[in-house]
Amino acid sequence: MAEFKYEIIEHLGVISKSPKGWTKELNKISWNGGTPKYDIRDWAPEHAKMGKGITLSDDELEKLKQLLQKL
């Protein structure tokens with residue numbers, strides 16, 4: 001498996017927290033030195049491990065925001 005790098009550019013907030021201490025977070029992350037994107041995923045304490053998540057561009061996040069406002 002290829003190695004990848006990430007840098008959390010901005011921590012925007014915690015959405016939820018599990019009893020085991022994992023948190024579902026919204027962050028702005030640069031993957032492999034690329035343009036930072038919005039990212040929603042589960043993180044172990046101290047960001048030691050991560051779960052599967054979803055990464056959104058600025059345009060995708062804006063569209064998601066519009067869709068959520070309709071609820």
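Trp-22 is found in the loop between E1 and E2, where strands (E, at least two residues) and helices (H or I, at least four residues) are DSSP runs numbered from the N terminus. The structure is a predicted model, in which local features need pLDDT of at least 70 and side-chain atom pairs count only at pLDDT 80 or more, whereas totals for chains, interfaces and linings use all residues. Residues are numbered from 1 along each chain as its sequence is written, and side-chain values use heavy atoms, with hydrogens and water left out.

With a relative accessible area of 29%, Trp-22 is partly exposed; in this scheme, buried means under 20% relative accessible area, exposed means over 50%, and partly exposed lies in between (1.4 Å probe, protein chains only). Apart from neighbours within four places in sequence, Trp-22 is in contact with Ser-16, Lys-17, Asp-42, Trp-43, Ala-44, Pro-45, Lys-49, Met-50 and Gly-51, contact being defined as heavy atoms within 4.5 Å. One of these residues, Lys-49, is 27 residues from Trp-22 along the chain, and the C-alpha atoms of the two are separated by 9.3 Å.

The chain as a whole has one helix and four strands. Read along the sequence, these elements follow the pattern β-β-β-β-α. The C-alpha trace spans about 35 × 35 × 20 Å along its principal axes. Of the 71 residues of the chain, 20% count as buried. The accessible surface comes to about 5,600 Å², and 54% of this surface belongs to carbon and sulfur atoms; the areas come from the Shrake-Rupley method with a 1.4 Å probe, and for residues only the protein chains shown count as cover. Among the contacts in the chain with a separation of 6 or more, 20% are accounted for by residues 24 or more positions apart.

The four strands form an open sheet in the order E1-E2-E3-E4, with antiparallel pairing; two strands pair if DSSP finds at least two bridges between them. Strand E1 (6-17) and strand E4 (50-56) stand at the edges, and each has a single partner strand, so one side of each is left without a neighbour in the sheet. From one strand to the next, the twist averages 25 degrees. For such angles, axes are lines fitted to C-alpha atoms, for helices over the stretch in contact, and the values run from 0 to 180 degrees between N-to-C directions. Helix H1 (residues 58-69) packs on the sheet and touches strand E2 (23-31), E3 and E4, its direction making about 90 degrees with that of E4.

The pairing can be followed across the sheet. E1 and E2 pair in the antiparallel sense over nine bridges, and the bridge partner of Tyr-6 is Trp-31 in E2. The hairpin of E1 and E2 has five residues between the strands, and within this hairpin Gly-21 takes a positive phi near 95 degrees. E2 and E3 run antiparallel and are joined by seven bridges; here the bridge partner of Thr-23 is Trp-43 in E3. Strand E3 (residues 37-43) pairs with E4 in the antiparallel sense over five bridges, and Ile-40 stands opposite Ile-54 in E4.

Positive phi values also occur at two residues other than glycine. Asn-32 is found in the loop between E2 and E3, two strands that form a hairpin with five residues between them. Although Asn-32 is not a glycine, its phi is positive, at about 55 degrees. At 54% relative accessibility, Asn-32 counts as exposed. His-47 is found in the loop between E3 and E4, and its phi, near 55 degrees, is likewise a positive value in a residue other than glycine. The relative accessible area of His-47 is 27%, and this residue is partly exposed.

Within edge strand E4 lies Gly-53, which counts as partly exposed at 44% relative accessibility. Leaving aside neighbours within four places in sequence, Gly-53 is in contact with Ile-40 and Arg-41. Ser-18 is 35 residues from Gly-53 along the chain, and the C-alpha atoms of these two residues are separated by 16 Å.
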